[in-house]
Amino acid sequence: MGEKPSMAGDVYSYGITLLELFTGNSSNHESSTANLSLKKWVQMAFVTNVDQVLDPGLVPINCSDVQSITSESQSDCSIAVLGVGLAYIVDLSDRRISMRDARGQSHS
């Protein structure tokens, strides 16, 4: 707080927004088990327990309007999105990726 607006700050905000969208929790969320911030909660679950932090409302169950995808594909996609979000919220702003690189990663 109190810093000038910057592209590094925009990247951080974008990363937090991705985590909020895919977990269904706000950035000031504290997990009920260990009083962890949203960032720490997702980091602890990242890769091996991603399904524990994803918003269950994201994935339709038995929806005939949606083409069926495998749970493996679904997991890979979730890991990729949360991984991008975590990469954007690195604490040191000079270690965050640029907006141009962020845009490229989001489209791949």
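A nonpolar core is a set of buried Ala, Val, Leu, Ile, Met, Phe, Trp, Tyr and Cys residues joined through side-chain atoms within 4.5 Å. Buried means under 20% relative accessible area, exposed over 50%, and partly exposed in between (1.4 Å probe, protein chains only). The model is predicted, so local features need pLDDT of at least 70 and side-chain atom pairs count only at pLDDT 80 or more, while totals for chains, interfaces and linings use all residues. Residues are numbered from 1 along each chain as its sequence is written, and side-chain values use heavy atoms, with hydrogens and water left out.

The largest nonpolar core holds 13 residues; Leu 19, Trp 41, Val 42 and Leu 82 touch the most other members. Helix 1 (7-23), helix 2 (38-45) and helix 3 (71-88) each give two or more residues to this core. Helices here are DSSP runs (H or I, at least four residues), numbered from the N terminus. Helix 2 gives the most, with 4 residues. Beyond four places in sequence, Val 42 is in contact (heavy atoms within 4.5 Å) with Leu 19, Thr 23, Leu 82 and Leu 86. Another core, of 5 residues, lies apart; Leu 18, Val 81, Val 84 and Tyr 88 are among them.

Lys 39 lies in helix 2. Its relative accessible area is 12%, so Lys 39 is buried. Asp 91 counts as exposed, at 59%. The two form a salt bridge (a side-chain nitrogen of Lys or Arg within 4 Å of a carboxyl oxygen of Asp or Glu), with the closest N and O atoms 2.4 Å apart. Asp 91 lies in the loop between helix 3 and helix 4 (99-106) and Lys 39 in helix 2, so the pair ties together parts 52 residues apart in sequence.
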